[in-house]
Amino acid sequence: QVQLVESGGGLVQAGGSLRLSCVASGSTISSFAMGWFRQAPGKEREFVAAITWRTRSTYYADSVKGRITISRDDAKNTVYLQMNSLKPEDTGLYYCAAETGPIAPMTAPLAPRYDYWGQGTQVTVSS
């Protein structure tokens, strides 16, 4: 069983930056694909970014490309989400997720593909 714990959320002004972390326990994530999703109040959970384990290929939602970067440090069993130039529409509860199988560009954004989820960390961007 894999446990994922997110941290790093908070309140930031538009244009600011945050770095989210997701620490895994119970298993090494070195052979897992990892993703970040977010959910705003009253909206469905949406894909933000994902990273594979072998080639470290990255995938991003169009709305965050150029502003958000996903990375991983398998030695620390941790995945990061560096968020710059934040906008009010980036507000939401950010979830980390792990996929024990492979992901591809068409499957990375699909939440049901992921096997394990964290509890989320809140990001609020004020205008």
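This is a short walk through one predicted model, taken a few residues at a time.

I'll start with the disulfide. The structure holds 1 disulfide. Its partners are Cys-22 and Cys-96, with their sulfur atoms 2.1 Å apart. Cys-22 sits in strand β3, residues 18-25, and Cys-96 in strand β9, residues 92-99, so the bond ties together parts of the chain that are 74 residues apart in sequence. Both cysteines, Cys-22 and Cys-96, are buried. As for handedness, the torsion about the S-S bond of Cys-22 and Cys-96 is about -75 degrees, so this disulfide is left-handed.

Staying on strand β9, the next residue is Glu-99. Glu-99 is buried, yet it has no salt bridge. Which side chain of opposite charge is nearest to Glu-99? That is Arg-113, at 4.0 Å. What the side chain of Glu-99 does reach is the backbone nitrogen of Gly-101, at 2.5 Å. Setting aside residues up to four places away in sequence, Glu-99 touches Phe-32, Ala-33, Arg-113, Tyr-114 and Asp-115. Please keep Tyr-114 in mind, as that residue returns with the aromatic rings.

Now a charged residue on another strand. Arg-38 is in strand β4, residues 33-39. Is Arg-38 buried or exposed? Its relative accessibility is 5%, and the cut-off for buried is under 20%, so Arg-38 counts as buried. The side chain of Arg-38 makes a polar contact with the side chain of Glu-46 at 2.6 Å. A polar contact also joins the side chain of Arg-38 to the side chain of Tyr-94, at 3.0 Å. With neighbours within four places in sequence left aside, the contacts of Arg-38 are Glu-44, Arg-45, Glu-46, Val-48, Ser-63, Val-64, Glu-89, Asp-90, Leu-93 and Tyr-94.

Next, the aromatic rings. How many aromatic pairs does a search of the whole structure find? The search finds 5. One of them is Tyr-95 with Trp-117, an edge-to-face pair with 6.4 Å from centre to centre and 80 degrees between the planes. This pair links distant parts of the chain, since Tyr-95 is in strand β9 and Trp-117 is in strand β10, residues 116-117, 22 residues apart. The two partners fall into separate accessibility classes: Tyr-95, at 10% relative accessibility, counts as buried, whereas Trp-117, at 24%, counts as partly exposed. Trp-117 also forms an edge-to-face pair with Tyr-114, with 6.1 Å between the centres and 65 degrees between the planes. Tyr-114 is buried, at 5% relative accessibility. Taken together, ring pairs link Phe-37, Phe-47, Tyr-95, Tyr-114 and Trp-117 into a cluster.

Now the backbone. Most residues other than glycine have a negative phi. Two residues here are worth a look on that point. Arg-56 is not a glycine, and its phi is positive, about 60 degrees. Arg-56 is in the loop between β5, residues 46-51, and β6, residues 58-60. At 38% relative accessibility, Arg-56 counts as partly exposed. Asn-77 also has a positive phi, near 55 degrees, without being a glycine. Where is Asn-77? Asn-77 is in the loop between β7, residues 68-73, and β8, residues 78-83. Asn-77 is buried, with a relative accessible area of 13%.

The last stop is Pro-105, in the loop between β9 and β10. Pro-105 has a relative accessible area of 54% and is exposed.

To recap, the disulfide joins Cys-22 and Cys-96, buried Glu-99 lacks a salt bridge, and buried Arg-38 has a side-chain polar contact with Glu-46. The ring cluster includes Tyr-95, Tyr-114 and Trp-117. That is the end of the walk.

Methods
Residues numbered from 1 in each chain as written. Predicted model: local features only at pLDDT ≥ 70, side-chain atom pairs only at ≥ 80, totals over all residues. Heavy atoms only, no water. Disulfide = S-S within 2.5 Å. Helix = DSSP H or I, 4+ residues; strand = E, 2+ residues; numbered from the N terminus. Buried < 20%, exposed > 50% of the residue type's maximum accessible area, 1.4 Å probe, protein only. Lys, Arg positive; Asp, Glu negative; His and termini not counted. Polar contact = N/O pair within 3.5 Å; in protein donor to acceptor, adjacent residues only side chain to side chain. Contact = heavy atoms within 4.5 Å. Phe/Tyr/Trp six-rings, centres within 6.5 Å; stacked < 30°, edge-to-face > 60°.
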